[in-house]
Amino acid sequence: MTGTTHKNELVAGITRRTLLKAVAGASLAPGFAFAQGQPIKIGSVLSLTGPGAGLGHPERNGILLAVKTINAKGGVKGRPLEVLIEDDGSKPDLAKSKAENLIFGEKSVAMIGPSLTASTGAIAAITNAEKMAQVTFTGLGPQIELTYKSLYHVLPPQSLNAKAMLEYATRALKAKKIGVLHDTGYGQAVMASLKQNSDPYGIEYVAVERFEVGATDVSAQAAKVRAAQPEVVFVVATSPVPFRNARQMKIEQPIVSAIGSASYDYVKGMGEFANDIVFPEFVVGEDPLPRQAEFVELYRKEYNAPPKNFEAAGWDAVHLIADALTKVGADAKREVIAEAMRHPFEGAMATYDFSAPDMTGIELSSFVYSKLVNGKFTRLPFRAGGA
């Protein structure tokens, strides 16, 4: 690395941090001034580059909007919130080192993120040892997460993602033969849950093909799935690549995905193939549920675009932590702050119960279903769980 390059990266880092502070404190009520006291620091590690960037960017948008909104109302007991956001490049080892600095260097009171399953595990090992609250943007994945008592999920557990997909495939599409394309990260976790939850639905997996996270071409795997002649194809990944390749390889059967791909960043990457893909999700910004309307309107005003699930999850994560800090104070011990979050919580994305065994409490009936129509998410009337 040259000296000039290093200097430019430092300047870019300072600019990002300065911008974050400016955004977080903007639009305060006229004449409002914070009471004396240092900002309350919350650390956040997101995937802003790499394969997970399609998740990290909307998560960041939701976080920044929440901080701005809370600070405009006076912060937490007169102290402003400051979320320090770092990019893990979609790499678990980098996520771990960034989190260590935010926890031990910056003295953050809680952590938000990361965006990807492997990075969640890397950071959770640290936050668990510190008894520190971590609100992550992944569903319950590896079973070891059940032992982490200060780890909370604002995305559904993978078993619930799996059931939501199976509900639509079997009840709406009447399918019995399913082919699957999945990546080795998020997709692997959902696939494991699909297998564990399949028996009650009476389906057969006629082809299961996996590919590496970040793969740029999965045409060969898509061709194998097509050759098996499934009635429905599940595509589970955090990338637009398998969706493009599936259609390019003439897979004409209905495609059902999981919430991890329900992002406009990924839709853009799908290009001309972003059509007729069904997603079990929670927020359809073009047609929000009544309890989501206020958040959706604030987001539209701020970003001139409709929000989706990950924007809402970012918003919910900040509000969950702010709620706990309001109850116990920002100077409380980390484990006290974490424990103050263990209760039911009404969010923009979903209604949670963080005292539930799966550390999220989201129910199957909470899912809404959307289909991409001309590249736009359109809410469907189908409801899971027989509703």
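Author: Helix 10 covers residues 293–303. F295 and Y299 both lie in this helix. They are 4 residues apart, about one turn of the helix. Keep in mind that this is a predicted model.

Now the geometry. A pair of aromatic rings is described by the distance of the centres and the angle of the planes. For F295 and Y299, the ring centres are 6.0 Å apart. Their planes stand at 50°. Planes under 30 degrees apart would count as stacked, and over 60 as edge-to-face. The F295 and Y299 pair is therefore tilted.

Next, burial. The cut-off for buried is under 20% relative accessible area. F295 has 4% relative accessibility, so F295 counts as buried. Y299 has a relative accessible area of 3%, so Y299 is buried too.

Ring pairs link F295 and Y299 with Y303 and W315 into a cluster. Across the structure there are 11 aromatic pairs.

Another of these pairs joins F279 and F377. Their centres are 5.5 Å apart, with 55° between the planes. This pair is tilted. F279 belongs to strand 10 (residues 277–281). F377 belongs to strand 14 (residues 376–380). The pair therefore ties together parts that are 98 residues apart in sequence. Both F279 and F377 are buried.

K308 places its charged end over the ring of F377. That end is 3.5 Å from the ring centre.

Move on to helix 11, residues 309–328. D323 lies there. D323 has 25% relative accessibility, so D323 counts as partly exposed. Setting aside residues up to four places away in sequence, D323 touches H343 and F345. M341 is 18 residues from D323 in sequence. In space, D323 and M341 are 7.8 Å apart, C-alpha to C-alpha.

Now a helix pair elsewhere in the chain. Two packed helices are described by the angle between their axes and the distance between the axes. Helix 5 (residues 158–172) packs with helix 6 (residues 186–196) at an angle of about 70°. Their axes are 8 Å apart. Helix 5 and helix 6 are therefore roughly perpendicular to each other. The crossing is right-handed.

Which residues meet there? From helix 5 come Q158, S159, N161, A162, M165 and L166. From helix 6 come Y186, A189, V190, S193 and L194.

H182 sits in strand 6 (residues 177–183). With a relative accessible area of 3%, H182 is buried. Leave out its neighbours within four places in sequence, and H182 contacts G187, Q188, M191, V208, E209, R210, F211 and V236. Helix 6 runs over residues 186–196.

Finally, the whole protein. Its secondary structure comes to 12 helices and 14 strands. Of its 387 residues, 56% count as buried. Consider contacts with a separation of 6 or more: residues 24 or more positions apart account for 68% of them.

Terms used. Residues numbered from 1 in each chain as written. Predicted model: local features only at pLDDT ≥ 70, side-chain atom pairs only at ≥ 80, totals over all residues. Heavy atoms only, no water. Phe/Tyr/Trp six-rings, centres within 6.5 Å; stacked < 30°, edge-to-face > 60°. Helix = DSSP H or I, 4+ residues; strand = E, 2+ residues; numbered from the N terminus. Buried < 20%, exposed > 50% of the residue type's maximum accessible area, 1.4 Å probe, protein only. Lys NZ or Arg CZ within 6 Å of the ring centre and 35° of its normal. Axes fitted to C-alpha atoms, helices over the stretch in contact; angles between N-to-C directions. Parallel < 35°, antiparallel > 145°, perpendicular 65-115°, else oblique. Left-handed = near helix turned anticlockwise from the far one by under 90°. Contact = heavy atoms within 4.5 Å.
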